[in-house]
Amino acid sequence: YAGQVLQSSAMNASRQLMTGQAQQAGLSATTYRTKDVCPLVAFMFNCNNIMVDVQSKSSYSAIDTTPITLTYDGSGNVTNSFKYSTGNPGDIVILRVMYNWPIVGGGLLPGLANQSNGDHLLVATSVFKTEPY
(Lines give C-alpha, C1' and ligand atoms only; values in the text may rest on other atoms or scores of the structure.)
Protein backbone atom coordinates (compact mmCIF):
# COMPACT_ATOMS: atom_id res chain seq x y z
CA TYR A 1 0.00 0.00 0.00
CA ALA A 2 2.78 2.45 0.90
CA GLY A 3 4.48 1.85 -2.44
CA GLN A 4 1.26 2.55 -4.33
CA VAL A 5 0.69 5.77 -2.39
CA LEU A 6 4.20 6.90 -3.28
CA GLN A 7 3.71 5.94 -6.96
CA SER A 8 0.43 7.86 -7.13
CA SER A 9 2.10 10.92 -5.65
CA ALA A 10 4.90 10.73 -8.24
CA MET A 11 2.38 10.50 -11.07
CA ASN A 12 0.37 13.44 -9.75
CA ALA A 13 3.40 15.60 -8.93
CA SER A 14 4.95 14.93 -12.34
CA ARG A 15 2.07 16.85 -13.92
CA GLN A 16 3.61 20.10 -12.63
CA LEU A 17 6.83 19.30 -14.48
CA MET A 18 5.15 17.92 -17.61
CA THR A 19 3.08 21.06 -18.13
CA GLY A 20 5.94 23.42 -17.29
CA GLN A 21 4.18 24.90 -14.26
CA ALA A 22 7.09 24.10 -11.93
CA GLN A 23 9.64 25.46 -14.40
CA GLN A 24 7.72 28.69 -15.12
CA ALA A 25 7.23 29.28 -11.39
CA GLY A 26 10.99 28.84 -10.87
CA LEU A 27 10.46 26.21 -8.17
CA SER A 28 13.61 25.00 -6.46
CA ALA A 29 14.06 21.32 -5.67
CA THR A 30 13.07 21.94 -2.04
CA THR A 31 9.99 23.95 -2.95
CA TYR A 32 8.89 21.37 -5.52
CA ARG A 33 9.25 18.61 -2.92
CA THR A 34 7.36 20.49 -0.20
CA LYS A 35 4.70 22.07 -2.45
CA ASP A 36 3.98 19.39 -5.05
CA VAL A 37 5.07 16.03 -3.62
CA CYS A 38 4.70 16.12 0.17
CA PRO A 39 1.05 17.22 0.40
CA LEU A 40 0.11 14.10 -1.56
CA VAL A 41 1.77 11.72 0.93
CA ALA A 42 1.89 13.61 4.24
CA PHE A 43 -0.79 11.37 5.74
CA MET A 44 1.53 8.36 5.47
CA PHE A 45 5.14 9.56 5.16
CA ASN A 46 7.39 11.97 7.04
CA CYS A 47 7.92 14.68 4.40
CA ASN A 48 11.37 15.49 5.78
CA ASN A 49 12.46 12.04 4.61
CA ILE A 50 11.02 12.20 1.09
CA MET A 51 13.79 12.25 -1.53
CA VAL A 52 13.21 13.59 -5.04
CA ASP A 53 15.45 13.12 -8.09
CA VAL A 54 14.58 14.85 -11.38
CA GLN A 55 16.65 14.43 -14.54
CA SER A 56 16.00 15.56 -18.09
CA LYS A 57 17.45 14.61 -21.47
CA SER A 58 16.58 15.14 -25.12
CA SER A 59 15.61 11.50 -25.79
CA TYR A 60 14.19 8.50 -23.96
CA SER A 61 17.31 6.44 -24.64
CA ALA A 62 19.48 9.06 -22.91
CA ILE A 63 17.53 8.90 -19.63
CA ASP A 64 19.44 7.22 -16.80
CA THR A 65 17.16 4.51 -15.43
CA THR A 66 19.77 2.68 -13.37
CA PRO A 67 18.60 2.01 -9.83
CA ILE A 68 19.61 4.63 -7.29
CA THR A 69 21.97 3.39 -4.62
CA LEU A 70 21.74 5.31 -1.37
CA THR A 71 24.83 6.09 0.66
CA TYR A 72 24.78 6.77 4.40
CA ASP A 73 26.92 8.62 6.90
CA GLY A 74 27.98 7.16 10.26
CA SER A 75 24.66 8.21 11.82
CA GLY A 76 22.57 6.45 9.17
CA ASN A 77 21.59 9.64 7.30
CA VAL A 78 21.35 9.59 3.50
CA THR A 79 24.28 11.47 1.95
CA ASN A 80 23.26 11.36 -1.73
CA SER A 81 22.94 14.62 -3.66
CA PHE A 82 19.94 14.26 -5.93
CA LYS A 83 19.52 16.09 -9.23
CA TYR A 84 16.83 18.61 -10.07
CA SER A 85 17.02 19.15 -13.81
CA THR A 86 13.44 19.92 -14.90
CA GLY A 87 14.22 20.33 -18.58
CA ASN A 88 12.76 22.44 -21.34
CA PRO A 89 9.67 22.06 -23.53
CA GLY A 90 9.86 18.76 -25.40
CA ASP A 91 12.49 17.20 -23.11
CA ILE A 92 12.20 13.75 -21.59
CA VAL A 93 12.08 13.83 -17.78
CA ILE A 94 12.42 11.09 -15.19
CA LEU A 95 11.05 11.85 -11.74
CA ARG A 96 11.91 9.49 -8.91
CA VAL A 97 10.35 9.91 -5.48
CA MET A 98 12.01 7.81 -2.78
CA TYR A 99 11.37 6.96 0.84
CA ASN A 100 13.18 4.70 3.28
CA TRP A 101 10.35 2.63 4.76
CA PRO A 102 11.23 1.30 8.22
CA ILE A 103 10.91 -2.46 8.59
CA VAL A 104 9.50 -3.34 12.00
CA GLY A 105 10.26 -6.85 13.15
CA GLY A 106 12.79 -7.40 10.39
CA GLY A 107 13.69 -10.80 11.84
CA LEU A 108 10.13 -11.98 11.22
CA LEU A 109 10.12 -10.74 7.63
CA PRO A 110 13.49 -11.66 6.15
CA GLY A 111 14.38 -10.18 2.81
CA LEU A 112 12.27 -7.02 3.06
CA ALA A 113 15.10 -4.75 4.11
CA ASN A 114 17.15 -3.70 1.09
CA GLN A 115 19.15 -0.91 2.71
CA SER A 116 22.19 -1.14 4.97
CA ASN A 117 20.26 0.65 7.73
CA GLY A 118 17.57 -2.08 7.81
CA ASP A 119 14.94 -0.09 5.87
CA HIS A 120 13.25 -0.89 2.57
CA LEU A 121 13.74 1.77 -0.11
CA LEU A 122 10.46 2.56 -1.85
CA VAL A 123 10.96 4.15 -5.27
CA ALA A 124 8.20 5.65 -7.40
CA THR A 125 9.05 6.62 -10.98
CA SER A 126 7.42 8.71 -13.67
CA VAL A 127 8.94 9.18 -17.14
CA PHE A 128 7.34 11.66 -19.53
CA LYS A 129 7.89 14.20 -22.29
CA THR A 130 7.31 17.80 -21.29
CA GLU A 131 4.61 19.71 -23.11
CA PRO A 132 5.38 22.75 -25.30
CA TYR A 133 4.69 25.28 -22.53
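Q: How big is the largest pocket, and how should I read that volume?
A: A pocket here is an open set of points on a 1 Å grid over the protein atoms alone, where a 1.4 Å probe fits, with protein on both sides within 12 Å along at least five of seven lines. Grid points are joined across faces, edges and corners, and the volume is the space filled by probe spheres set on the points. For the largest pocket that comes to about 180 Å³. Keep in mind that this is a predicted model, where local features need pLDDT of at least 70, side-chain atom pairs count only at pLDDT 80 or more, and totals for chains, interfaces and linings use all residues. Residues are numbered from 1 along each chain as its sequence is written, and side-chain values use heavy atoms, with hydrogens and water left out.

Q: Which residues line the largest pocket?
A: Lining residues have an atom within 4 Å of a point. Among them are Asn48, Asn49, Ile50, Met51, Tyr72 and Tyr99. By class, the lining has 5 nonpolar, 6 polar and 1 charged residues; Ala, Val, Leu, Ile, Met, Phe, Trp, Tyr, Cys and Pro count as nonpolar, Asp, Glu, Lys and Arg as charged, and the others, Gly among them, as polar.

Q: How many aromatic pairs are there?
A: A pair of aromatic rings is described by the distance of the centres and the angle of the planes. Rings of Phe, Tyr and Trp (its six-membered ring) pair if their centres lie within 6.5 Å; planes under 30 degrees apart are stacked, over 60 edge-to-face, and the rest tilted. The whole structure has 4 aromatic pairs. In one of them, Phe45 and Tyr99 have ring centres 4.6 Å apart and planes at 65°, so it's edge-to-face. That pair links distant parts of the chain, 54 residues apart: Phe45 is in the loop between α3 (29-41) and β1 (51-57), and Tyr99 is in strand β2 (residues 92-101). Helices (H or I, at least four residues) and strands (E, at least two) are DSSP runs, numbered from the N terminus. Phe45, Tyr99 and Trp101 form one aromatic cluster.

Q: Are Phe45 and Tyr99 buried or exposed?
A: Buried means under 20% relative accessible area, exposed over 50%, partly exposed in between (1.4 Å probe, protein chains only). Both Phe45 and Tyr99 are buried.
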